[in-house]
Every structure is written in C-alpha cells, then in structure tokens.
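Here is a quick walk through one protein model. Have a look at it first, then read on.

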Amino acid sequence: MRVAVSLVLCMMLATIPITSAQSDSSDEEVWPGDPIDSHVHMTWAALTLEVNQWADDYPEIVDLTSVGESELGKSLWVVRLSDWSNDTKLDGSAKEIVYIDGGHHGNEYLGTALAWLSAKWYINGWAEGNQEAIDVLQNSEIHVLIMLNPDGNDFDTRWNINQVDLNRNYDHFWNTCPTTQPGSSAFSESETSANSAYMNAEVPDADLYVTMHTGVWIMLYPWGKWPEQPADWELYHQIREDVNENISSIPIQNANQGLYPNCGTSRDYGYGVMGYPTFTFETDDEQFVPGSFENLNDRLGEEMDVMRYLINNVWYWRARLDVQSLEISDDEIILDVDNLGQASTINATLQYVDVSGEVTWTSSAFTVNATNSTMVDLDASNLSYSDDGMWQLYYQVRVINASRWVAEAIDVEIMDSSEDGETGFLVGYGLFNSLTTVLSVIGLAVVLKPEEEESDENCDSKVHDS
Ligand SMILES: [Zn+2]
C-alpha cells in the first residue's frame, strides 16, 4: 500500500508546474498552490517542491530535513534557518532556538500559511540584505515544521488519515478533557510521534515554540487543561502587554478560558513537558478570498509583526542571571544578582566547583524575579573552598518544572571581606576596596557544560511507535 501511494505522489510531483515553486520577486509571498473549495490550497506536493527549492537556492541558511512521515508516508519537512557558517553567535555563545509548527489541522490553511511565511520572511530578508533578518539568523536557529498533517491537508480535513485530531494526541493529560477523536493512545499517530521526537532530540533547549492554527483570531498560552494561570504567568503577561501596546490588538489568553478546555495539545505538551514558552497562534477564519492568490505579506502582515517580535526578543524569554558582585565573609555570602530575562527562576543556587569539576558546595535555593535585581544573603557557615576552583549559578530558566537547568560560570570579581573589619558591607564594583582580598578575578570562569538533559531517555519513554 505504501509503495503504491509513494508512486502516486511521485507522479503528482512530476506534474506540478515548476513555476509554482519559483521565488522570483513577482510572486515571492504568494502562497503556492491552486484554488480548491474556495481556498488557495497548498498541497503537500507543492510544499515539497517549494522547500527543496529554498534549500537549493540558499544552502548557506536553509537546512532542510524530514522528521519522519505521515501515516500515508509523506515527508514531514522541517526548514531549519540560521547562518550556518557559524555554529554559535559571533561572540561564541549559543544561538537561541525557535521552534514553529503548522498544519496540525489539515483544513486550516491560513495557519499553515503563517508557518510557511515565518520561514519565507527570513529567507527573503536574508536574500535582500535586510538587517533584521541577518541579525536573527546570525543569533538564532529557526526550525519550522510547516505542515504536520499533510494527509489531512491534501484531503481538506481537520483529522489525519486515521480520523484522529492530532492536536489532542500529545502525551500531556491525554484524553482527560471532553474531547473528540484523540486517538487510541498518546502519540498513537506517526505525525505527533515524529513531532515530539524532533522536539526532544533536536530542539530541547528552545526558548520559544509557536504552533499555528486557524480559527478565532487569538493567541493562546497554557494551559488548555486548566483555567489557572501557568507558573510563568509573568512572562506571558509581559509579552501580552508588549504586543497589545506596540504591535497588535490580538487577544492573548490562557487557552482554557480563551477558547475551551482542551487536553493533549501540542501547546500544553510544549510547555508542560518540554518547558518551552509556548503559544498557539490562531489566525482568523476567513481563509483566503475565493479564487484569488493573495500576497501573504499583506494578508498576514500583522500576524508576522507579532512573530517577528517574538523571534527578535527570544533572548529574553527565560531567566538570565547576571551576577554583579559576590561578597564572602566568615559565615555568609551576599550575592547581588540581576535577572535580565523576562521569566522568573525559583530554585537557583550558588555552587562552588573544584578544579576537577566536582561541585563541592551548594547554597540554599533562592528566587530571582523577572527583570529584577536581587540581593541574596546565603548561609556559608559550612563553606570550604580553594582558590583554584570556580563559582557558578545553577538554575532553571523558567518556573515551570519542565524547564531546563543551566550551569553558568560567574565571571565577576569576588570580594572577601572576612579580614577587613573596617569596610564591612561591599555591594559591587563601585565600592571595591583595595584592602579586600581578591580571591578570583575576571577570566577565571570556565564555561561548564550544563548538565545533560536526559532527552534520549525522555524520548524513548514519550515516543510511542504506532
Ligand atoms: Zn487547529
């Protein structure tokens, strides 16, 4: 059966006019495809030609891969965009990771179009020398799975070929809400199984995940399962405020209240299991003007402005602790720490790491609120350390339990006032006293690799072969 289907698809591919995939300037933002049922409908075959053309035309920024196949054997393409001439940012730090998917529901073309445009906008921008696009691609990786449900897409139906609602099939409180057609078990479908495998294996450290749909014009953040605000409500509310004040009046709400209770969604999985800041982006339901080919930059311009804001600022969608000073006295450590990110962290600790890399001392846990400066007073009565180790902060980048842990070396001057009876309390560079013993100076820091996330293991336990 699968062989037969593949042959048919190859024949379809061969008959698609090449012009639909070309990206000359006259039709760059025109959704590729043909008018079907009053929509401009991009088939999986047209998408396949298009994304391969992107990879051929722009190998320096487009890395095309497939995360697996649909139930009928269609490749699930992921367009990976970055300036691949550098693995890191120019300063050597890790690039930010953005993950986007579209097309869970096969009849929601405009949402799938927004995923398509989110890739195309940066490709066009790069080609035209647009500085914003260049900056984003130098500092980030954007991974876009444009069409998760190609079988449903080509049959113009919400469901996949097994009549399953893919956006109820994820392993997060699966089938615990009033729902329809969630599948026989979590990840029973090859499409959702492949999507979660990709998240765990390729983008576990993403600081933004946007899943795109069509319906009521709204952006939804977790939870769908519960009416309560999520643990990282500060981050979501700050983004809502920024978007609504400066970019778009699009409503931004908790999914349970903004839409209706829903469980087993990719949004709740993305946040609750992967720890990503996650939005469902619902475009409006007007689809396309019947029989027309619209310029997507016009049709989805406002939505794209919101996406560009979320991508441009991805650096801020986590806690980012920045130590201003570290003062050590006989039995206490006073830490002056800024949080440059817009997410809080609640289980942070200060650690001492000896030359062999072993953590020999860990402070009690402390909290640093989003975009705040905090003075932390830590009990150090049991502290022992040598001069040749290093200090680091160990913390979760967001409040949600699933968010990842990072270990970040502290590279500021560390001041010890234990032998300095006169100066007492030192709070920062400005008050640095030459009498104070400098135990460690700038340059001591060695960037430790954050503890490995057990992604392989998680993957094995989460992914269920169908
Ligand atoms: Zn949908």
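## Ground rules

This is a predicted model, where local features need pLDDT of at least 70 and side-chain atom pairs count only at pLDDT 80 or more, while totals for chains, interfaces and linings use all residues. Residues are numbered from 1 along each chain as its sequence is written.

The average pLDDT (the predictor's confidence in each residue, from 0 to 100) is 83 for the protein chain, and 78% of the residues score at least 70.

## The whole chain

The protein chain has 12 helices and 20 strands; these are DSSP runs (helices: H or I, at least four residues; strands: E, at least two), numbered from the N terminus. Of its 466 residues, 45% are buried, meaning 20 or more other C-beta atoms within 10 Å of a residue's own, with 12 or fewer counting as exposed, partly exposed in between, and C-beta atoms placed from the backbone.

## Helix H6

H6 has 13 residues and spans 17 Å from first C-alpha to last, close to the 18 Å expected at 1.5 Å a residue (that is, 1.5 Å times one less than its number of residues). Because 10 of those 13 residues are buried, H6 is largely enclosed by the rest of the structure. Among the buried ones are Glu-191, Tyr-198 and Met-199.

## Pro-178

Pro-178 sits in the loop between helix H5 (150-155) and helix H6 (190-202). Is Pro-178 buried or exposed? Pro-178 is exposed, because it has 8 other C-beta atoms within 10 Å. Its C-alpha is 7.5 Å from that of Asn-262, 84 residues apart along the chain.
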